[in-house]
Amino acid sequence: MPLLTLANAQLAYGDHPLLDRAAFALDAGERIGLIGRNGTGKSSLLSIIAGTALLDDGDLKRRDGLRIVLVEQEPVLPEAATLKDSLVLRAESLPHAPLDHKLNEYLHRFGLDPDTNPASASGGERKRAALALAFALEPELLLLDEPTNHLDIDGIVQLEALLMRQPTAIVITHDRAFLDRVVTRIIELDRGMLRSYPGSFSDYERVKAGQLAAEAVQQRKFDKFWAEEEIWIRKGIEARRTRNEGRVRRLEHLREERAARRERTGKVKLAVAAGQRSGKLVAELEGVCKSFGGKPIVKDLDLLISRGDRFGLVGANGIGKTTLICLILGTLAPDSGTVRTGTNVQPAYFDQMREALDPEATVAETIAPGSDWVDTANGRKHVMTYLADFLFPPRRASSPVRMLSGGERNRLLLARLFAKPANVLVLDEPTNDLDIESLELLETALQDYDGTLLLVSHDRAFLDNVVTQTLAPEGGGIWKEYVGGYSDWVRQRKGADEAKAAEAKSSAPARGKARGPKLSYKEARELEALPKELEVLEAEQHALAAKMSNAEYYKQGAEVVLKDQQRSAEIEALLHQKLERWEALEAKAKGAA
């Protein structure tokens, strides 16, 4: 029996329908990734499921006594003397209060001091505190709205591990790596409808690509038939889904909407103008040191940045990434060492705190102060046309910046950034509040950019798809350069750690060397059989995904679709379980060697 079912759900704000006879069912054990464009109603849907908002029409049925906890995108903590007291007050509005030791445990897991003053807590600390409370409450259904915002990579990885042990969850996030590691099903909210895709985000992309291809063929046949009959003609709408060239080919599909269907909203159009080329040298740092309050942030750094380099800066919040950027740009003086800047360096800076935006200026004034025209990489554009490229309608052009949402401010800052040529582009957390489609389009624009890029981000997929070099902290203010993106850095770091461990092992005295227990006969046979079992499960998973990507698939009965979705979730869980078992047995076998 499903934990909850949504049927014929309708919700609208003004004339804009967010849910249009939408339906889906959630079973125990599922971890769903809810995706869709900003403003489509994802947060509203979570609020409805949590019971803090109501449908205009339709039915929502929850299993009796179902314990649900929602962590909002920007959690509000009640006033209290300490962070823990504030969370206890927050929990009073929920159906069950947390156990004291559980709350302490999860506060510790998220690196929080229970005695912190909540009034002085940062956005990241408030988000981590709300997550700690949510896990301490041990809900049957956990609802998370953009949980990775404000978290660094270590925090995101820990959240993934905790969520893998959560019985059932629905998560809104633009973090594609997070979706790939955690969810068992993707639900896409698109023009009021909920469409279900079993498996990870990568599985969704493959199926979606097939659906778009099949739809394009059907629409071309439809168009040809009516064109020949001279009864029906209309202009096509081109829809492009973009992904990284280095790992997956970009797909180009024509997507034609039937007249009775709601039109798909526009897409952000991004192009970055590099302007005049800088000199071959962009910046050179020699022996650079910088400390604050006696704490070394950068120590003895030698770094050469040449024209066309694409650096990604990774590391925990507060480690000094923004400080390092400022040292490179020459806007912050080092305590010692030298920084040499190249000739004709024209930087443009995307500030994660949005400090570049005047809250009282209008949207149009922010883009083109004192002018109606914007010079872009694609030529001169009227400010209204340019704003439309970033999904700002004409009526929004006269709105003050303070009236914009987080996502709109991010798009406006990108619009302002890309409105002026720059041969050095500095992006400090540009992915916050962007939906997945806008993220992919930003990736494409950056791939086509021929200037120099300095990127600070906690989005692992974004780093992998954009940068060619990674700067990572090694501790004590030491920074080291690695070739490649985030995944390459993790692989190289793991290799270095393994090499150190092997060296330590070989240099250790052989006498009294401890060995782990040997595999039992049953465990040895299990280890031998696991690769074949995984192969069979993966073959079934691929066959099921191919079946569900067929254009005619969803014309079958709901019972068949639900059965396939359940089996797909079972396969995903079995694969994860068997992979973990395989790793554990292999580790035991190596330990006994």
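## Helix α1 and the glycine after it

In this predicted model, helix α1 is followed by Gly51, a residue with a positive phi near 90°. The helix itself covers residues 42-50. Its buried residues are Lys42, Ser44, Leu45, Leu46, Ile48 and Ile49. As background to such a pattern, an α-helix has 3.6 residues a turn, so residues three or four places apart point the same way.

## The three-stranded sheet

Three strands make up an open sheet in the order β2-β1-β4, and their pairing is antiparallel. The edges are taken by β2 (16-26) and β4 (57-62); each has a single partner strand, so one side of each is left without a neighbour in the sheet. From one strand to the next, the twist averages 20°.

Strand β1, residues 4-13, pairs with β4 in the antiparallel sense over five bridges. Within the β4 strand, Lys61 is the residue that stands opposite Thr5. In general, strands of a sheet pair through backbone hydrogen bonds, either parallel or antiparallel.

## The six-stranded sheet

A further open sheet contains six strands, arranged in the order β5-β6-β7-β3-β8-β9, and its pairing is mixed. Strands β5 (68-71) and β9 (193-198) stand at the edges; because each has a single partner strand, one side of each is left without a neighbour in the sheet. The twist in this sheet averages 20° from one strand to the next.

Strand β6 (residues 141-145) and strand β7 (residues 169-172) are paired in the parallel sense, over four bridges. Ile170 in β7 stands opposite Leu143. Helix α4, formed by residues 123-136, packs on the sheet and touches β5 and β6. The direction of α4 makes about 170° with that of β5.

The loop between β6 and α5 (153-164) holds Asn149. This residue counts as buried because its relative accessibility is 3%, where the cut-off for burial is under 20%.

Leaving aside residues up to four places away in sequence, Asn149 touches Gln73, Lys127, His174, Asn432 and Asp433. One of these contacts, Lys127, lies within the residue range of helix α4, 123-136. The loop residue Asn149 is thus described by both its burial and its contacts.

Technical notes: Residues are numbered from 1 along each chain as its sequence is written. This is a predicted model: local features need pLDDT of at least 70, side-chain atom pairs count only at pLDDT 80 or more; totals for chains, interfaces and linings use all residues. Side-chain values use heavy atoms; hydrogens and water are left out. Two strands pair if DSSP finds at least two bridges between them. Helices (H or I, at least four residues) and strands (E, at least two) are DSSP runs, numbered from the N terminus. Axes are lines fitted to C-alpha atoms, for helices over the stretch in contact, and angles run from 0 to 180 degrees between N-to-C directions. Contact means heavy atoms within 4.5 Å. Buried means under 20% relative accessible area, exposed over 50%, partly exposed in between (1.4 Å probe, protein chains only).
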